[in-house]
Amino acid sequence: MAQKFTENSHLRTKVRIRLDLIDELGLTNLSVLDAFAGQGLVWKEIQRQRPDLHIATVGIEKRKYINPNVIMGDNRKAMKGMDLAAFDIIDLDAFGCPWEQLTLCAQKAPFVPVVLTHISIDLGPVPKGLLRASGVPEAWY
């Protein structure tokens, strides 16, 4: 039987990665931009596991009515108009490769840590910008 990927597949791993970053940064009060917020399950679980943390999240989600506590819309457009440097952590947890969002983070908030997880369920094309940044010769793609 093929594995079915759903929103927040591998939740335990996603939470651990983020908690490791928080601990490495030594943060107890943090402001997080959750650019692919969904229902906010990852950060809710982090808060459940670590009630000692004070976490303020700003979420962005393009799907209507999935979470009333987030900015509804295209995160790329929203992030272009935001001061990304105001956040302690930017979270990019996407289906597919969030290359455009990562590029915005690098341009607008180069010193803000980004935690990135993405789910790929097929062998779709890799963004050309990612290939260039990785040093893959253009003739190869």
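1. Let's start with Cys105, which is buried, with a relative accessible area of 2%. (Buried means under 20% relative accessible area, exposed over 50%, and partly exposed in between, using a 1.4 Å probe and protein chains only.) The closest cysteine sulfur belongs to Cys97, and at 12 Å from the sulfur of Cys105 that is too far for a bond. Cys97 itself counts as partly exposed because its relative accessibility is 35%.

2. A quick word on what you're looking at. This is a predicted model: local features need pLDDT of at least 70, side-chain atom pairs count only at pLDDT 80 or more, and totals for chains, interfaces and linings use all residues. Residues are numbered from 1 along each chain as its sequence is written, and side-chain values use heavy atoms, leaving out hydrogens and water.

3. How many disulfides does a search of the whole structure find? The search finds zero. Here a disulfide is a pair of cysteine sulfur atoms within 2.5 Å.

4. Now helix H1, residues 11-25.

5. Which residues of H1 are buried? They are Lys14, Val15, Arg18, Leu19, Leu21 and Ile22. Seen down the axis of H1, these buried residues fall within an arc of 155 degrees, so they line one face of the helix. (The arc is taken from the directions from the helix axis to the C-beta atoms.) On the other side of H1, Arg12 and Glu24 are exposed.

6. Salt bridges next: a side-chain nitrogen of Lys or Arg within 4 Å of a carboxyl oxygen of Asp or Glu. The whole structure has nine. One of them joins the side chains of Asp91 and Arg18 at 2.7 Å, N to O. This pair links distant parts of the chain, with Asp91 in strand E4 (residues 89-95) and Arg18 in helix H1, 73 residues apart. Asp91 is buried at 1% relative accessible area, and Arg18 counts as buried at 0%.

7. Compare Asp20 and Arg16, whose side chains meet in a salt bridge at 3.6 Å, N to O. They are separated by about one helical turn, because they sit four residues apart in H1. Asp20 is partly exposed at 40%, and so is Arg16 at 46%.

Technical notes
Helix = DSSP H or I, 4+ residues; strand = E, 2+ residues; numbered from the N terminus. Expected span 1.5 Å × (residues − 1).
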